[in-house]
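Me: I've got a model open and want to go through it with you. Can we take it piece by piece?

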Amino acid sequence: MKKFLLSVATVAMFANFANAEVITLSVNDATDIKGTEVAEVAAGVDDKRPNGEARHFQPLNSFVLGDFDFQFGNNGGPTEPALYFPMSTKEGNNTVRIYAKNTMTISAPSDMPIGSVVAYDVKNRKNVTIYAGEPKTEITFTASAQVRFESFTITVGEAGETPKAEKGEAAENPFTVAEALKYIEDGGSEKDIKYVIGYITAIKEVSTSYGNAEFTLCGSMTDTEGLTVFRCTYLKGEKFTSEDQLQVGMHVIVNGKLMLYQAKNSKQLAYGELVSIDASGVEGIVADADEAPVYYNMQGVRVANPENGVFIEVKGNKATKVVL
């Protein structure tokens with residue numbers, strides 16, 4: 001077994017048997033770094049990089065943290081994994097940059113099987129559970145989008161459990177629209193990525209030129225107050241390629257930055273992406289026959305007397321596409 005680095009912050013929390021331990025590792029303490037090293041470029045030296053560029057290793061092949069070996073692979077991704085240092089003129093932490101499709105494999109000594117790994121992603125300001133399950137001496141993470149990890153918390157010696165995300169922190173536990181509006185009203189941080197679930201009640205634009213959309217998200221199809229979802233990309237961060245990818249009545253989960261746009265006093269969820277889409281609200285749901293319907297055109301504009309076209313008929317929380 002490799003000698004444990006004294007500079008690595010370590011916290012031990014012993015459970016029912018002696019081998020249970022939690023270890024926190026900082027990327028600042030990486031040793032035996034292997035990859036292609038790129039020297040720092042100072043600001044103002046290179047016209048193509050006017051702000052300069054920090055020293056980094058790219059592609060990054062591997063490094064060692066404490067008793068654990070980290071191996072990195074491109075895996076057919078458009079960008080190679082990298083290890084970045086802060087600029088010499090600034091304070092900061094080293095970060096591992098893993099891009100879409102890249103892999104990171106963590107190997108442990110036989111007497112230190114990994115039960116869980118949680119990494120802090122400084123780019124999105126959140127913890128990411130890389131693995132949680134039966135103890136293994138090797139686990140592999142494949143990135144679906146860019147992350148920048150600056151630390152890893154590893155449980156060894158016992159099975160790990162995926163921690164339940166706080167409200168709004170994950171798609172599995174999203175804010176309602178009402179909770180998101182209150183979060184903004186209470187002055188919550190607009191830097192953090194939050195998840196919100198709701199119904200699309202109006203669509204301002206689906207831009208195939210820029211690949212993003214702007215629409216209104218409400219808690220139900222009859223709510224009058226909602227969030228303006230601004231510059232939202234399609235599933236997995238892909239660009240919109242067709243206007244019919246988004247329709248009024250869809251029940252969706254979106255993520256982005258919750259903020260108050262002061263100029264228009266508008267509560268927004270901005271610069272995020274669609275996480276999931278349930279289109280059953282658009283097609284074929286039988287609405288409550290006792291409730292008077294409300295009609296919208298396909299652009300999400302309410303229509304008092306619909307005729308000669310295709311409309312969304314809304315009763316309660318349910319919507320049906322109809323031809324009148």
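Me: Let's begin with Gln58: what is its relative accessible area, and what does that make it?

Reply: Quick background: this is a predicted model, so local features need pLDDT of at least 70 and side-chain atom pairs count only at pLDDT 80 or more, while totals for chains, interfaces and linings use all residues. Residues are numbered from 1 along each chain as its sequence is written, and side-chain values use heavy atoms, with hydrogens and water left out. On the scale used here, buried means under 20% relative accessible area, exposed over 50%, and partly exposed in between (1.4 Å probe, protein chains only). Gln58 has a relative accessible area of 21%, so the label is partly exposed.

Me: Where does Gln58 sit, and which residues is it in contact with, leaving aside neighbours within four places in sequence?

Reply: Gln58 belongs to strand β4, residues 56-65 (strands are DSSP runs of E, at least two residues, and helices are runs of H or I, at least four, numbered from the N terminus). Taking contact as heavy atoms within 4.5 Å, and skipping neighbours within four places in sequence, the partners of Gln58 are Thr36, Val38, Thr79, Glu80, Pro81, Ala82, Tyr84 and Tyr99.

Me: How many helices and strands does the protein have?

Reply: On the contact side, residues 24 or more positions apart account for 60% of the contacts with a separation of 6 or more. Buried residues make up 45% of the 324 residues. As for the elements, the count is one helix and 22 strands.

Me: How many disulfides does the structure hold?

Reply: A disulfide is a covalent bond between the sulfur atoms of two cysteines; the test here is a pair of cysteine sulfur atoms within 2.5 Å. Cys218 is buried at 2% relative accessible area, and Cys232 is buried too, at 0%. The number of disulfides is zero.

Me: Which element gives the most residues to the lining of the largest pocket?

Reply: A pocket here is an open set of points on a 1 Å grid over the protein atoms alone, where a 1.4 Å probe fits, with protein on both sides within 12 Å along at least five of seven lines; lining residues have an atom within 4 Å of a point. The largest pocket has a volume of about 1500 Å³, taken as the space filled by probe spheres set on the points. Of its 42 lining residues, the closest to the centre are Asn124, Lys126, Val128, Tyr195 and Asn255. The top contributor, with five residues, is β18.

Me: Ser266 is in that strand, so is Ser266 buried or exposed?

Reply: Ser266 lies in strand β18. Leaving aside neighbours within four places in sequence, Ser266 is in contact with Thr228, Met259, Leu260 and Tyr261. With a relative accessible area of 13%, Ser266 is buried.

Me: What is the volume of the second largest pocket?

Reply: The second largest pocket has 18 lining residues, and those nearest its centre are Ala54, Phe85, Pro86, Met87 and Arg97. Strands β7 (95-98) and β12 (147-156) each give two or more residues to that lining. The volume of the second largest pocket is about 310 Å³.

Me: Last one: what separates the C-alpha atoms of Pro306 and Leu324?

Reply: Pro306 is in the loop between β20 (302-303) and β21 (310-315), and counts as buried at 19% relative accessibility. Leaving aside neighbours within four places in sequence, Pro306 is in contact with Tyr295, Phe311 and Leu324. Pro306 and Leu324 are 18 residues apart along the chain, and their C-alpha separation is 7.1 Å.
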